[in-house]
Amino acid sequence: MNGKNQYQPLIIGDLIVEKPVVQGGMGVGISLSSLAGAVAAAGGLGLISTAQIGFQEPDFSENPKEANLRAMKSELKKAREKAPQGVIGYNIMVATKDYPEYVKTAVEAGADIIVSGAGLPIDLPKYVEGSRVKIAPIVSSPKSAMVICKMWDRKYHRVPDLVVVEGPLAGGHLGFSREELTKFQADQADSDVRYDQAAYDREILGIRKVIEDFGRKYGCHIPVVSAGGVFSRADMAHHMSLGVDGVQVGTRFVTTEECDASQAYKDTYLKAKKEDIVIVKSPVGMPGRAIWNPFLQKVKESPEKITRCFRCLEHCNPASAPYCITMALVRAALGQVDDALLFCGYNAWKCEKMETVAEVMADLCLV
């Protein structure tokens with residue numbers, strides 16, 4: 001495809017991301033070194049998800065945390081080999097058990113940036129203190145943006161290096177109530193719907209104002225990246241028209257040759273219909289978006305017995321959970337798709353063919 005990048009680079013402090021596309025962190029085993037390295041090599045920002053990243057390590061069952069921390073370093077090293085000059089970081093969930101250790105390991109490994117959501121990363125600055133690692137909270141509302149910026153300002157006398165705004169069309173665990181997600185309409189076909197993309201666009205503008213106010217206080221520009229439902233060139237153009245500095249894309253990268261997931265997992269996206277994309281309640285109590293499959297039907301009718309706890313999340317009770325989210329996501333990554341939780345974004349049903357990362361980047365950014 002001929003053409004040129006129609007957007008300005010995403011500048012995050014001293015980091016320059018040539019094409020303002022952040023690849024969303026997708027666990028377990030969906031965005032590792034292959035995908036993150038390919039995105040960084042293509043001029044975007046590649047993110048390795050640390051969620052149970054060590055699931056393929058031989059001692060994962062016995063020592064999950066140690067396996068994860070070891071795999072963090074090896075995956076970043078492999079990603080760097082694919083993109084020596086690229087910008088590569090980690091997505092680390094605040095809900096992760098022993099969160100501080102994961103952040104400190106990311107710093108030791110040499111990450112360029114840490115993007116952190118699934119909770120408010122109130123003390124993230126403390127864990128990266130003294131390093132050059134950039135930090136980026138994920139927010140979904142002006143209120144959450146204000147809380148984080150106020151806390152960081154008061155406790156650590158600093159502001160985020162980047163802010164990721166994740167909307168209701170994103171995949172995986174979501175920062176919205178089930179009611180909000182159920183009511184949300186991506187289009188405006190129903191005239192009675194009060195919560196739609198136009199309404200969330202106003203939320204993005206509200207978040208931008210909060211961030212700009214704190215940027216002025218510190219005499220800097222804090223870039224904002226918006227996420228959730230960014231699938232096509234038109235989607236990216238719409239988000240950029242709201243004045244953000246870049247977009248975060250997850251689902252579109254799943255059906256690429258370089259994505260770390262199994263082909264069977266990718267095929268579920270290629271086969272999915274719009275009505276297959278559903279909102280589910282995860283074992284940790286948060287709503288999430290996934291592809292309906294025999295596994296979800298099975299655990300809806302009868303909870304799955306949990307025989308081993310991998311201690312992956314701070315707030316998960318194996319005694320009451322309907323299934324082990326670690327094993328459900330590991331099975332997904334390994335291709336056991338009928339017995340797995342298949343997280344996805346709202347637009348997963350639009351995936352119609354396998355692509356390369358370079359092709360996706362070109363389609364999003366070129367004119």
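1. F176 is placed in the loop between β9 (172–173) and α6 (178–183). Helices (H or I, at least four residues) and strands (E, at least two) are DSSP runs, numbered from the N terminus. With a relative accessibility of 8%, F176 counts as buried; buried means under 20% relative accessible area, exposed over 50%, and partly exposed in between (1.4 Å probe, protein chains only). The C-alpha atoms of F176 and K73 are separated by 32 Å, and these residues are 103 apart along the chain.

2. A remark on the basis of these values is in order. This is a predicted model, in which local features need pLDDT of at least 70 and side-chain atom pairs count only at pLDDT 80 or more, while totals for chains, interfaces and linings use all residues. Residues are numbered from 1 along each chain as its sequence is written, and side-chain values use heavy atoms, with hydrogens and water left out.

3. D112 is also a loop residue, found between α3 (99–109) and β6 (113–116). Its relative accessibility is 17%, so D112 counts as buried. The side chains of D112 and R80 are joined by a polar contact of 3.1 Å. A polar contact is a pair of N or O atoms within 3.5 Å; within protein, one must be able to donate a hydrogen and the other to accept it, and residues adjacent in sequence count only if both atoms are side-chain atoms. A polar atom of the D112 side chain also lies 2.9 Å from the backbone nitrogen of I88. Leaving aside residues up to four places away in sequence, D112 touches residues including L15, V87, R132 and K134, where contact means heavy atoms within 4.5 Å.

4. Strand β7 (residues 134–139) is largely enclosed by the rest of the structure, because 6 of its 6 residues are buried. K134, A136 and I138 are buried on one side, and I135, P137 and V139 on the other.

5. β7 pairs with β6 in the parallel sense over 4 bridges; two strands pair if DSSP finds at least two bridges between them. S116 stands opposite P137 in β7. Strand β8 (residues 163–166) runs parallel to β7 and is joined to it by 2 bridges. V165 in β8 is the bridge partner of V139. From β7 the chain crosses through helix α5 (residues 142–156) to β8 in a right-handed β-α-β crossover: with the strands pointing away from the viewer, the path from the first strand over the helix to the second runs clockwise.

6. Helix α13 (residues 357–365) is largely enclosed by the rest of the structure, since 7 of its 9 residues are buried. Among them are V357, M361 and L364. The cover over the buried residues of α13 includes β3 (21–23), α1 (33–41) and α8 (233–240).
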